[in-house]
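Let's work through a few exercises together, one step at a time. Keep the structure open beside you as you read.

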Amino acid sequence: MLSFGQNGSVKKPAVAGSAKERISSGNSAVLFSLLAQNTRRGHFCALVDASDCFDPASAEAVGVDLSRVLWVRCRASHQPKPLEQAFKAADILVHNDGFGMVVVDLGNIEERHIRRIPLTTWFRFARVVERKSVVLVFLTNYPVAQSCAGQKLLMKPAIPHWNAPGDIVQLRRLSLAEMEFEIEVEQKRLCKPVQPATPKFTAAPIWA
Amino acid sequence: MLFGCIHVLDFPVQAALRLDPAARFREDAFAVMDGPESLLKISACNEPARRAGITPGMTKAQAEVAPQVRLRKRVMQEEQAAHAALLDCGYRFSSRVESTSPGTITIDLTGTERLLGAALKLGRQLARRAKGCGFEVNVALAANPDTALYAARGFTGISVIAPGEEARRLASLPTEVLHPPENVVETLDSWGIRDFQALAALPAIPLTQRLGQQGLHLQRLARGEVMRELVPAEPAVAFRESMELEESVELLEPLVSLLNRLLEQVTARLVARSLATDHMQVTLTLEAQLDRQLAASPAPPGPAPLYQRTLKLPTPTQDRNVLLKLLQLDLEEHPPLSPVKKVMVEAFPAHVRFGQGGLFHPIAPEPAKLEITMARLRAVVGEQDEQGRSRVGFAQAVDTHKPDSFQVLPFNAERKEAQPRRAATLTPRFVLRRFRPPLKARVELERAVPAMMTFNGRRTKVTNASGPWRSSGSWWDKAEEWQREEWDVELRVTGGVGVYRIFRELPSGSWFVEGIYD
């Protein structure tokens, strides 16, 4: 089981930030695991999908109770732009007060757009979330939110492991066996880190 | 036995003013006109109008002599809606409610004293409830329906008539309150019989000889001796309120204000019946042609175009603010194309659903608040994608092997037990992060295995590849048929490794990147 912070959950109230490049890093695995844990506990979650990249089949295989996840799919070629849509949607959802976790997936948004987000936006979200019992998670490909984030997780590049059945080492007989991920807990604003989060974990494919 | 009667004063006038919050029935003079457009006559007026010299039967020209009197045209739909609202007031107290006449209802209150209090207290509650629905009324309670009816018609305010006191209490009422036929009124008038006391005192046999059984019945009514069976009205299946506008509305803001007034009445009626609604329909009658002045052509003949919007909620609600906000958001997204002449709101009733939150249950979005949230989200991200799937809701897998097949259903935060934890969820798993739509790619093969891949403007060496995994389906439907060959490939990219799922579409042979394993 993935573990962040204490008791296997992200501390509340907090803005948690994850970072990603256009590489396999395991942040979707972490996100899906968070959704699975929260929905299994009976929480209702919301996922703001800025680039419409959520795969329901994978989520179901991981154990996410899809009926408890409100999926908001932003429009790609439309005004306002997906990033703006995502922030507006996140603001609406945070103010609903009924969701246990709101995830804003900006993982496919280009870094130059993410960098343009003013710091006041993150401060504003941090201030709003502090008074509410909701966990707000931003998934980006670049470390954001600076000091506003309650907890920041940095995902390191993944190491894929391939296996070949038997002794036949032929490319076409290979299959993707597992991926090794590493998380770096970069910042914890609200609580002193007593014990570091699990630094490494290995994830199996959903078909295994 | 106890019967209550609610009588609305000058009902046609009050029905016309009910949806106008600025109108003061007691202070301002109003008159309602009826008849063909060329021969409009006053059909009803209120007390200030009577004091100004207006009487029923006057023509419009005669009534316009008193400029302080505001004239309104009679609209039967408004009166029907007002009477339905009055019946709903009655259903709040008893299930046996009689629609006695327009603006008058009789309620069987037998057995409710222990629940609702003594007769006078009950009368006050009836008056308060009617006031809440926008009516100035007379209320009377008596041991038989007809005594209650005549007391409500004849006495102002709340009257309670104890059993055995009917004749004495009704004695002062004029005989017109009985609404007898015209010839009977003339006969009684010629005899000098002008009130209930005089009619009740007449000897029965000579009265029957002269006026027949009808005369005897009128006398028994005047004495308060008639006990008849109540004829209960059928409760309405839809709650409809409408408003015809003197001037067309072009902007959304005044339209929302009108909707607010109509919803106020609809929700008051629903509350009176202890009902809620989960299905609401707004019908706007539009001006036939928006730019007919510009086009310099007359409006086409025929009925005015209608514009309908339907609102369906997963949970019934009585909350006017929620319904109004949802209608506002819907009309902002789908505004009518022409000015609005008439507004009609219709609510279909449903039973109120009560929910009890568990002490140890996690928080859940309130159903009404969630609906507003979803409507706001739809306004931001849109309603549907190119495939007709909703943009806001919860995903559900579809029973097919076709990749990326899912449907998005309306999200409903009903409290339900969380699914039991499965052992499979304890293993961390990497998942697919999709590109929608799939990205076009160029793949170079070496011994039928991907060796180089170009996508996003970059050519990269494939360091590992696994496949091909072939799949196909829907061969019986040319439009839906799919056939493909999947590969998992590992690419060295800046900063690390990317493991992608790519596929070749068959028979075209085009390559696409479906997503990244993450």
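The exercises below concern a predicted model, and each comes with a worked solution.

**Exercise 1. Work out which way the side chains of strand β5 of chain A point, and whether the strand is buried or exposed.**

Step 1. Start with a general idea: in a regular strand, side chains alternate between the two faces of the sheet.

Step 2. Now look at β5(A), residues 135-139. A:V135, A:V137 and A:L139 point one way, while A:L136 and A:F138 point the other way.

Step 3. Check burial, which means a relative accessible area under 20%. Five of the five residues of β5(A) are buried, so the strand is largely enclosed by the rest of the structure.

Step 4. Find a neighbour. Strand β4 of chain A (residues 101-105) runs parallel to β5(A), and five bridges join the two. In one of these pairings, A:V103 has A:V137 as its bridge partner.

**Exercise 2. Find out how many disulfides the structure holds, and explain the case of B:C89.**

Step 1. Recall that a disulfide is a covalent bond between the sulfur atoms of two cysteines.

Step 2. Count over all chains: the structure holds zero disulfides.

Step 3. Take B:C89 as an example. The nearest cysteine sulfur belongs to B:C133 and lies 3.0 Å away. The cut-off for a disulfide is within 2.5 Å, and B:C89 is in no disulfide.

**Exercise 3. Describe how helices α14 and α15 of chain B pack.**

Step 1. Two packed helices are described by the angle between their axes and the distance between the axes.

Step 2. For α14(B) (residues 320-333) and α15(B) (residues 367-381), the angle is about 10 degrees and the axes are 10 Å apart. That makes α14(B) roughly parallel to α15(B), since angles under 35 degrees count as roughly parallel.

Step 3. List some contacts. Among the residues of α14(B) that meet α15(B) are B:V322, B:L326 and B:L329; on the α15(B) side, the contacts include B:A368, B:I372 and B:A375.

**Exercise 4. Say what the strands β16 to β21 of chain B form.**

Step 1. Follow the order β16-β17-β18-β19-β20-β21: these six strands make a closed barrel with antiparallel pairing. On average, neighbouring strands of this sheet are turned by 45 degrees against each other, direction ignored.

Step 2. Zoom in on one pair. β17(B) (residues 449-455) and β18(B) (residues 458-473) pair antiparallel over four bridges, and B:M452 stands opposite B:K461 in β18(B).

Methods
Residues numbered from 1 in each chain as written. Chains lettered and ligands numbered in written order. Predicted model: local features only at pLDDT ≥ 70, side-chain atom pairs only at ≥ 80, totals over all residues. Heavy atoms only, no water. Buried < 20%, exposed > 50% of the residue type's maximum accessible area, 1.4 Å probe, protein only. Pairing = 2+ DSSP bridges. Axes fitted to C-alpha atoms, helices over the stretch in contact; angles between N-to-C directions. Parallel < 35°, antiparallel > 145°, perpendicular 65-115°, else oblique. Contact = heavy atoms within 4.5 Å.
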